[in-house]
Every structure is written in structure tokens, then in C-alpha cells.
Amino acid sequence: MSEQLIEHFIQFSYIAAAVLFVLSLKWLSAPTTARRGVRAGEIGMLLAIIGALLHHGIVSYQWILVAFVVGSLIGVPMAVLMPMTAVPQRTALSHAFGALAAALVGTAEYYLKTPNLDSFIMIALVLEMLLGFLTFTGSLMAFGKLQEVLPTRPVTYRGQNFVNLALLGIAVLIGAYLVVNPGATGLFLVFAGLCLLFGVLLILPIGGADMPTVIALLNSYAGLASSAMGFVLDNKLLIIAGALDGTSGFILSVIMCKAMNRSFTNVLFGAFGQVQVAAAGKVEERPVRSATPSEAASILETASSVIIVPGYGMAVAQAQHKVRELYESLSKRGVEVRFAIHPVAGRMPGHMNVLLAEAEIPYDKLSEMEEINGDFPYADVALVIGANDVTNPAARHDQASPIYGMPILDVDKAKTVMVIKRSMNPGFAGIENELYYMDRTLMLFGDAKGFVGEIVKSLSDGAHG
Amino acid sequence: MTTDLLTGLYIFLLAGFLGLELIKRVSPLLHTPLMALTNAISAIAVVGSIVIAGEQRSTLSTVLGTIAVTASVTNVVGGFLITDRMLKMFKKKDQKRS
């Protein structure tokens, strides 16, 4: 093959990859075509990699091969062995890897070309470094918090926002100076260091409950870093793939924001520290009604329509398989069972759906908040398992509540409400849930897995006896 | 600003709008697999990393490039695998019985 022919092949493989990536996302829109989407993405990636390997400037494949082997050795176990509850951590780690790659390639380019870099390339390079390095350390922090090797509670101190903004300001100023004077290699290192530090400080004040937004935001940053790399290397495929990833993360973070009633500026500046410094005032003892598993079972059995509201607590208690048994047992008796999923249920966007799908609950039984909220008044029973704030009616009417304005599942409108809970302690956010004190509410005290298991048991006992 | 970079900006903006339209259509049911997939796709940074690692223009660039290839390959391999693993679990009611 002549040199020119290879060059044409490389360009066409990149174009084909870009088309396949777009198709990949298009097919992902529905569960029926989603796996085809993954195939398309894989083929696109394979073509692009072949194209890159044929690049005429490559003199040795030795290190590339080593990197492929090591990368696969890390990547395969991370994908195959990771439990579904740990998918958010894995996602955070992969954002870190992606951002690191972008930042390192940017660094390498800088040292190869300095000081002969025109200012436009330098702008792209500075952005690539900024986004790459801050996303790298930020994602590692997010990983640490999700894995609970770091404290999940927000870490705050006085003047935190000032320190963060000042640091970002200095980094941007140095970045701007580098654009004009690309030869200042000493400052380049300072710049890289500041970006790394900023990533840590950015995520430090963010609590566990805000992780869905943070992960989506970091996803967006990692994508934009890849896109900036495309400008630096003049590679259109990188620009396209990075832009697709960037917008995807952006949309997801907007959705998460809306679901938690946060403003968008809050997200962009990452200042979404702790909202939940709740006025945990009135700790009055109010009467609640409770019920035993067999009482719950007999109510469920005679219902015609049941909506289950799962929260992350269900996954923590590893109760999803018992919940599936309950679903099957009730379905067999002709009870219509559906699941209401709040957008922030779980630790990342869509996490709860994956956890329920893993427990073999059919996806056509999983309904989004907007879709199902109108059906609660017609439901005989709403069964809340491990969810709290997203069911609190105070969000609708109590302006003093920290969660006021947050869209919630209208669980309180069901004819009977059942809540499985360990005790009456207020949840993660420390907000009292008035749902628990309603006349129609039955509290089912116990561990989610054990309690659901006992309901299932009394249901099957009842059938025989 | 050269025409190349200008073309790059056009491409970036158009791809961004295309992304907005595509992602809006993705069912919230699949938002986790979506993030895994876009993450795998943006590991296309592997292309740039391969060139940097293979050209061996300086020791530093080779080292950085090799680490970058390793990180990207981790995402390529892991990202597609876990997306597919998750999607395999999404079944309809009738599909389960068969």
C-alpha cells in the first residue's frame, strides 16, 4: 500500500467511526435497540484504533502493545466483576482515566511543541489541561466518596467558596499568560498543579446525596477535555466524540438538578455543597401506626393495584431480589404491580433501573416519576422501600422545608401507604417526613430484605392454608 | 485563526447540537448505560494517545503517551463491556418467560 492510500484509509476509518458513534447513541434511545448501539460503538472504536495504528509517524509499537495489555487487564475485570451497586464508583474511575489521558496527551503535546504554539492551539491546550486535570482529581475524589474510603459527608470550612474561586481565578490567569507566552514552561507546571488541586477542592464540600449530579457533571468535563484535545491535535473525530460525551453529561446533570430543585448556576460553579443543613427542630413524639408482615401481606393480597417506590436504601439492604419475589407473588395473584422511580433514586442517573433490572424485574414495569405520579390516587397500596425525601409531601407545601420545591413522588395520595424503615430516625438529609404520620400510613419496622422476605412468606403460606 | 481550526469549531458546535437531540431521546430507564457508553466513546482519546506513544519523539512524550493509551484502553474495553452487561439485564415481561 502506498503512503497516500494509507492516509486515505485512516481518514475514512475516522469518518466511519464518527458515523457509528452517532448511530450508537441513536440506537441507545430504546431498550430494544440499545445493544445494537453498543455493537455500533465497538465497531467504530475498532476502526478508529486501526486507523490510529496505521499513522505514518509511528516508529515503534512496543509501548503501545504494553499499554493495550495493561489497559485490558485493568478494564476487563472492572467491567465484568463489578457489582451493579458499585457502577457509580466504576463510572467515576473511568471519568478519571479518560480525563487523565486527555491531560497527559496535552502535556506531551505542549513539551513537544513549545514555544512554537500559536495562541488558538494554546487556548485549546490550556482548556484541555484544565478540564483534564481537574476532572482527574475530582473524579478520584468522587470515587473515594462513593466507595466510602473518604467521608461522604460534605467537608466544609469558612471561606471555602472564596478559596476555590480564587484558586480557579489564579489558574485561569496563568492559563491566559501561557496562551500569550507559551514558552513559560515553569508556569506550565504550576498551572497543571493548580488544576489538580482545584479538582480536589471542588469535590470536597459535596455530600453523598449530590453524587448523581457530580458524576454527570464530571462526565461532561471529561468529554469536553477530549474535544479540546481534538482541537490541539487537529483531529475531527476527537472533537465529535468529545462533544457528544460533553453534551450527554451536560443534559444528565441538568436533569439531576431539576430532580433536586437546584439552580443551574449552582451546578456550573460546583458550589452545590450542603443544602441539607436541615432545621432538625421539632423532635416531638407523634403517634404512628405500624403493622406486622402478615398484616401487610393481607392488605397487599387484596389490593388490585400496588406501586412500589424503591430508594437507594433498598439496594444498600440488598433487598432487590426479595422485592422481585414479592412482585412475582403478587402478580400471580392478579395484583397489578408497578415501580415508581424518582430520577435521583440511586447514586447516579438511572442507577435504580439497573439495580431492578439486575433483579430480573421487567423494565416495562418501571415507571418514571412524571409518568406514574397521576396514578397514585388510583393505587390501593404504595409501598416505600428505602426511599425517604423523595416521598416527603413537605416538598409540595412547606416553604420552610429544605426540600421545598423538589419534585416528589405523590405517594401520600395512595389509598394505603406502607413504609419499610428500620426506625423512626430521620433519613440522610435529617428532615422529618410527614408521610409517616398520616392516618393512611402503616410503618413496617425492620430490615428491608428481611421484612419483604417475611411478607412473601406469609403470602405463600396464605395461599396454601 | 486558520481555516482548519474554524472548521473544527463548526464541527464542535454541530456535534454538540446533534448530541443534545440524541441524548434527549434516550429513555431515563437507560441513563446509567448511557453514561457508560458515552464514556467508552470519549475514550476515543486513545487515537491521539497512540500517535503520541508511537512517534517516540521524546522520552517524556513516550512515557506520557503510554500512560494515556493505558488509561484510554481501560475505558474502551471496560466501558463497552459493562454497557453491554447492563443492557443484557433489561428484559420485558414476555421476554423473561421465554
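Predicted model: local features only at pLDDT ≥ 70, side-chain atom pairs only at ≥ 80, totals over all residues.
Me: Which residue does E109(A) form a salt bridge with?
Reply: With R57(B); the closest N and O atoms are 3.8 Å apart. E109(A) lies in helix 4 (residues 87-113) of chain A and R57(B) in the loop between helix 3 (45-55) and helix 4 of chain B, so the pair joins two chains. Helices here (H or I, at least four residues) and strands (E, at least two) are DSSP runs, numbered from the N terminus.

Me: Is E109(A) buried or exposed?
Reply: E109(A) is buried, at a relative accessible area of 4%. R57(B) is partly exposed, at 45%. Buried means under 20% relative accessible area, exposed over 50%, and partly exposed in between (1.4 Å probe, protein chains only).

Me: What about E301(A), which residue does its side chain meet in a salt bridge?
Reply: R333(A), at 3.2 Å from N to O. E301(A) sits in helix 11 (residues 293-302) of chain A and R333(A) in the loop between helix 13 (320-332) and strand 2 of chain A, so the pair ties together parts that are 32 residues apart in sequence. E301(A) is partly exposed, with a relative accessible area of 32%, and R333(A) is partly exposed at 29%.

Me: And R338(A), what is its salt bridge partner?
Reply: E336(A), with the closest N and O atoms 3.7 Å apart. R338(A) is buried at 18% relative accessible area, whereas E336(A) counts as partly exposed at 37%. Elsewhere, salt bridges that share partners join R35(A), R39(A), E42(A) and D84(B) into one network.

Me: On to the strands. How many residues of strand 1 of chain A are buried?
Reply: 6 of the 6 residues of strand 1 (residues 305-310) are buried, so the strand is largely enclosed by the rest of the structure. S305(A), I307(A) and V309(A) point one way, and V306(A), I308(A) and P310(A) the other way.

Me: Which strands does it pair with, parallel or antiparallel?
Reply: Strand 1 of chain A runs parallel to strand 2 (residues 336-341) of chain A, joined by 4 bridges. With strand 4 (residues 381-385) of chain A, strand 1 pairs in the parallel sense over 5 bridges. Pairing requires that DSSP finds at least two bridges between two strands.

Me: What does I307(A) stand opposite in strand 4?
Reply: A382(A). In strand 2 of chain A, the bridge partner of I307(A) is R338(A), and that of V306(A) is V337(A).

Me: How many residues of strand 2 are buried?
Reply: 5 of its 6 residues in chain A, so to speak mostly covered. Strand 2 of chain A also pairs with strand 3 (residues 366-368) of chain A in the parallel sense over 3 bridges, where I341(A) has E368(A) as its bridge partner.

Me: Switching to helix 14 of chain A, which residues are buried?
Reply: H351(A), M352(A), N353(A), V354(A), L355(A), L356(A) and A357(A). That is 7 of the 8 residues of helix 14 (residues 351-358) of chain A. E360(A), which follows helix 14 of chain A, has a positive phi, near 65°.

Me: Where is T74(B), and what does it contact?
Reply: T74(B) is in helix 4 (residues 59-89) of chain B and counts as buried at 2% relative accessibility. Leaving aside neighbours within four places in sequence, T74(B) is in contact (heavy atoms within 4.5 Å) with G71(A), I74(A), G75(A), M78(A), F97(A) and G79(B).

Methods
Residues numbered from 1 in each chain as written. Chains lettered and ligands numbered in written order. Heavy atoms only, no water. Salt bridge = Lys/Arg side-chain N within 4 Å of Asp/Glu carboxyl O.
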